[in-house]
2 protein chains.
Amino acid sequence: MQDIFDHIEGHLDESIQLLTELVRQPSVSSQGIGFDKAPGLVKSMFEAHGMEVEIIPVPNDGPPVVLGSSDGESNNTLLFYTHYDVQPTDPLELWESDPFEPERRGDRLFGRGMSDDKGNIAARLAAIRAFKDVRGKLPCNLKFLSEGEEEIGSRNLRPVIEQRGEDFKADACIWEGGGRNLNNDPFMYQGLKGILTIELRNRQLSGDAHSSLAAILPSAAWRLIHALATIRDADERILVPGFYDAVKPPSPSELEAAAKLPDQSRSWRETFGAGRFVGNADTESLETNLLFHPTANVAGLACGYTGQGMKTVLPDQASAKMDFRLVPDQRPRDIFQKIRTHLDAKGFGDVEVELMGAVNPARTEIDSPWVQLVAETAREVYGRQPVIAPNMPGTGPWYDFGVTLDMPISTSGVDHPSHRIHAPNENIAIEDFLLGAKHAALIMERFGEKGPGHRTSSTE
Amino acid sequence: MQDIFDHIEGHLDESIQLLTELVRQPSVSSQGIGFDKAPGLVKSMFEAHGMEVEIIPVPNDGPPVVLGSSDGESNNTLLFYTHYDVQPTDPLELWESDPFEPERRGDRLFGRGMSDDKGNIAARLAAIRAFKDVRGKLPCNLKFLSEGEEEIGSRNLRPVIEQRGEDFKADACIWEGGGRNLNNDPFMYQGLKGILTIELRNRQLSGDAHSSLAAILPSAAWRLIHALATIRDADERILVPGFYDAVKPPSPSELEAAAKLPDQSRSWRETFGAGRFVGNADTESLETNLLFHPTANVAGLACGYTGQGMKTVLPDQASAKMDFRLVPDQRPRDIFQKIRTHLDAKGFGDVEVELMGAVNPARTEIDSPWVQLVAETAREVYGRQPVIAPNMPGTGPWYDFGVTLDMPISTSGVDHPSHRIHAPNENIAIEDFLLGAKHAALIMERFGEKGPGHRTSSTE
C-alpha cells in the first residue's frame, strides 16, 4: 500500500485544489442556496475520477442525489455514503474569512463544508485517484453516493431508497463522519438515533383578545402548557404510555464499547454551563444516557407577545415544536400515534399534533466482521487503537442503508473536534485529510481482498 | 341650563375644530411618538379656556401630566381625569383615512384618539367655554388633569400622586370613558380591576445546544412549562396559595347592578369565536365572572425556534409573560410574593420572576351620593335611565385617585361601542360628542350647587 499512500501525499496540492473548488460552491440545503450548480460540480469531479455518474432527482424538487460508480478488480462492491450539502453560515460575523472563499492558515484550510462533508468527498476521491494512477484500477467495485439534504434530515431520501435502492446496494458501506477524537485516537460509530419531529398547536379564539377578557374567554396558552406537562414530568421522565415499549436494551458489546468512550462531562459543563444533568445523572452514566436514552425535547414555544415590556393580550393560539430522539427499535410513526392517543386520553383532543419528520434509529452490530475490518485498517493507518461508539446521539439515514438495503455499515473520515463543523470557522487540518484519504484507500484494498466478511444482520 | 346647552350646540364647529387639532397631533405613548409637542398643545388649549396650567414632569422622562385649574362660583372643587395619549395605529392598512389627519364622513369624525380620550377632553372644554362665555364663570372650582401614559398603564403616575397628590385633590372626580352602550342607554362604571404583570424566566444552559444532547442536558422549556402548570390547573382554577384570600365579595348593590347589565355572550361568541367560556360558565354567569373574577393570563411564551419547519435545538432559556387582573382588595405586590413563595415551595426556585407592573383595584360605592348625582344628571341629559357597572374588567389608576386621594369617582363621557376605540377607524359620532359635553356641563352645574353629597368611603 505504500505506493498508494505515497501517491496520496505526493498529490496533496491537487487534492487541496479540488476541495477548495468544492467548498467555493455554496450548497446550503436549509436555505436552498447553490443547487443550480453544486450537483453538476460533484458529477464532473466524479467523472474526472473515472466514474460513471447519474444525477438522481428526489421528490419536492429537493437537491438531487449524485451517484458515481466504477468497476474494480474484485467482485466485492463497496458503497461510500457522503453528502455535498452544508450547514448555513450564520452567524457570519464570527467567521475570520469568507466561508465560501477558502483560505489556508497554517496547516488548516477554512471554509463551510471543509470537513463536513466535502472533506470526506475530496479525501475519498484522492484515494480513488491514487489507485487509478498507480494501478490503473480500483481494488473493488465502488458506488459513491453523495446526497444533498443530509443537513436537513435527508427528508426526500426515503422515497428514492424505495424506488432506486437496488442501484445503491453494495456488500458493505462506509458512512461519513469518522476521524479522530480529542485524544487523537481514531474514532468510529456504528449507528444513529432516529427522530420524530412534531408541532403541537392549539387555538381557542378567532383572534387575540384584550387580557381583561381572560376572566371568561378560554386560553390556548394554558391548554398547550397543560397538554405538554402530560408528555414529560418535572422529574424528566417521558409519560406517554408505551413510549419505552420498543426500546431494545443495548447488547453487552455495545455497553462495553460505550464504557470505553472518553469522559466528556467536563466539556458539557464548560461548553454549556450545565449545572446538572437530566435525571440528576452522575458523571459515569452520562455517555450511556446520551447514546442509549430516547428524548422528548421542546425545541420552540410560540405564543402571544414576546417583545420588550408587556402587552396585556389573551393570545388566540399557541404552538410548540418538539423532537423525540429514538433508539432501536422505536418507530417514529408508532410514537406519533401513542402521543395522539395519550393526549386524547388526557382530555386534550383539541390540541392538534402534526407530524413534521420521521427517521428510524439503527445500528450495525459492533462485533460484526465489517466493523472489525474497518477498525483494523484504522489501527494500521492511525497507529492507534480505534474508539468505537455503538451509535451517535444524532440522526441520519443509517436505517435506510443498513436495514432497508441490508448492508453492514461502518465509519471512516476526516473529522476532528477542532474542525468546528456546523460552526463559524469550520476547517480541516491537512493531517486529518491525509489520514482520512489513506484510511479510505486501505479499506478499499482490504475489502477488495476479503469482502465484508460474514454478513451479520443489522438491527431489525 | 338651556342657555349652556344652546351654546354647546351653537359652537359645535369650533369644538370640532379644536378636537381636530388635538387628534392631528400624534401622542402614542407605547411608541413615544409626538410628546415633544402634545403636552404643550394641551396646555395652550387649557389656557385658551381660562385655566392656569402646569406641566408636571413624571419619572423616567415619561410624557408629563398636564393640570389646569380654574376658580368657580361655589367652593366645591371638581376634578376631571382624562388622558391625552392614544393607542398605536397598527394595523395601519385597515384605516380608511390617515389616523392623524382627521376626516369627517357623514355625522362621524375619524382619527386616532377621536373618542378615546381626546373626544372627552374636547367635550369638557366645550362645557367650560359655554359657562365662561354665557355666565362669565364656572359653577364650581375645577381641576382638569390630563395624563400621557394611560394607554400604557399610567406607569409613572403613582410617584406623582405621592408627591403632588394634594394638588390633584378635589371633592369629587369625573373619570373618562363613560358614554352610551349598544342600546344607547347612558353607561357608567364605578371602578377598575388592578393588575400584576410579571415575567417568568428560566435558563439552564449558557447557549443553545443540539437537540441530541437533550438526553443529558437539562431543558429550560420543560422547567418553565412545569412551573407554569402549577399556577393554574387544567380546570382553569388558580392554584397559588392565598391568591383568593383578599377577594372581597361584591356587595348586594354591586351584584344587583351587574345583573342588570346587557347580555354580551353573543358578542363574545361572534367576535372571538369562543366555543366555551372559562370554568364552562353558563351565559348568565358571564358578566359577573368578567367583572368580579381575578385572572391568571399567559400573554406570551418565548423559547427556542419558532420559524417555519423544524430546527433540532435544545434552547438555553425560556420565558413567559403573565398578567393577573385583580379585584378588591387584592394587592399586586402581595400576589407577587405569593407566586414567588408558591414556586419555591413547588421546587421551582430556579424560575426567576420579575415584577413588571402593579396597579391596585378599586371601586367607588355604587350607592354613594356622588354616583347618584352623576346618574341623575345622565338621565336628564340622555333622557334614559343609566346602566351602571360596578367596575370594568380593565385596569387604570382609579385606586390612586379614589383611595389614595380619597375622592368619590364616577364616569361620564362621549363613548359608544361604534367608536372602535383602540382599533382602526376610531371615530366619534357628533351626537355622542354633544351629549358628553352637555353631561359634563350639567354635572358641573349640579355639583356647584350641591357638592358631592355625603361622602362615602371608597373601597378600602
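In what order do the six strands of the open sheet of chain B stand? The legends below begin with that sheet. This is a predicted model, in which local features need pLDDT of at least 70, side-chain atom pairs count only at pLDDT 80 or more, and totals for chains, interfaces and linings use all residues. Residues are numbered from 1 along each chain as its sequence is written, while chains are lettered from A and ligands numbered from 1 in the order in which they are written.

**View 1. The open sheet of chain B.** The order is β1-β2-β6-β3-β7-β19 (chain B), with mixed pairing. Strands (E, at least two residues) are DSSP runs, as are helices (H or I, at least four), and both are numbered from the N terminus; two strands pair if DSSP finds at least two bridges between them. At the edges stand β1 (52–56) and β19 (409–411) of chain B, each with a single partner strand, so one side of each lacks a neighbour in the sheet. From one strand to the next, the twist averages 20 degrees, where axes are lines fitted to C-alpha atoms (for helices over the stretch in contact) and angles between N-to-C directions run from 0 to 180 degrees. Five bridges link β1(B) with strand β2 (residues 65–70) of chain B in the antiparallel sense. Within this pair, Val53(B) has Gly68(B) of β2(B) as its bridge partner.

**View 2. Strand β7 of chain A and its two partners.** Strand β7 (residues 172–175) of chain A is covered on both faces, with Ala172(A) and Ile174(A) buried on one side and Cys173(A) and Trp175(A) buried on the other. A residue is buried if 20 or more other C-beta atoms, placed from the backbone, lie within 10 Å of its own, exposed if 12 or fewer do, and partly exposed in between. In a regular strand the side chains alternate between the two faces of the sheet. Strand β3 (residues 77–83) of chain A runs parallel to β7(A) and is joined to it by three bridges; here Phe80(A) is partnered by Ile174(A). Three bridges also connect β7(A) to strand β19 (residues 409–411) of chain A, again in parallel, and in β19(A) the bridge partner of Ile174(A) is Ser410(A).

View 3. Chain B is superposed on chain A by a rotation of 180 degrees with 0.0 Å of shift along its axis (RMSD 0.1 Å), the relation of a two-fold axis; the superposition is by least squares on the C-alpha atoms of residues with pLDDT of at least 70 in both copies. Each side is made up as follows: 61 residues from chain B and 61 residues from chain A, two residues being in contact if their C-beta atoms, placed from the backbone, lie within 7 Å. On the side of chain B that touches chain A, strand β12 (residues 297–304) of chain B gives the most, with eight residues. Of the interface residues of chain B, 100% are also interface residues in chain A, so the copies meet through the same surface.

View 4. Strand β12 (residues 297–304) of chain A and β12(B) run antiparallel and are joined by five bridges; Gly304(A) has Gly300(B) as its bridge partner in β12(B). Gly300(A), which lies in strand β12 of chain A, is buried, with 23 other C-beta atoms within 10 Å. Beyond its neighbours within four places in sequence, Gly300(A) contacts Ala320(A) and Lys321(A), together with Cys303(B), Gly304(B), Tyr305(B) and Thr306(B).
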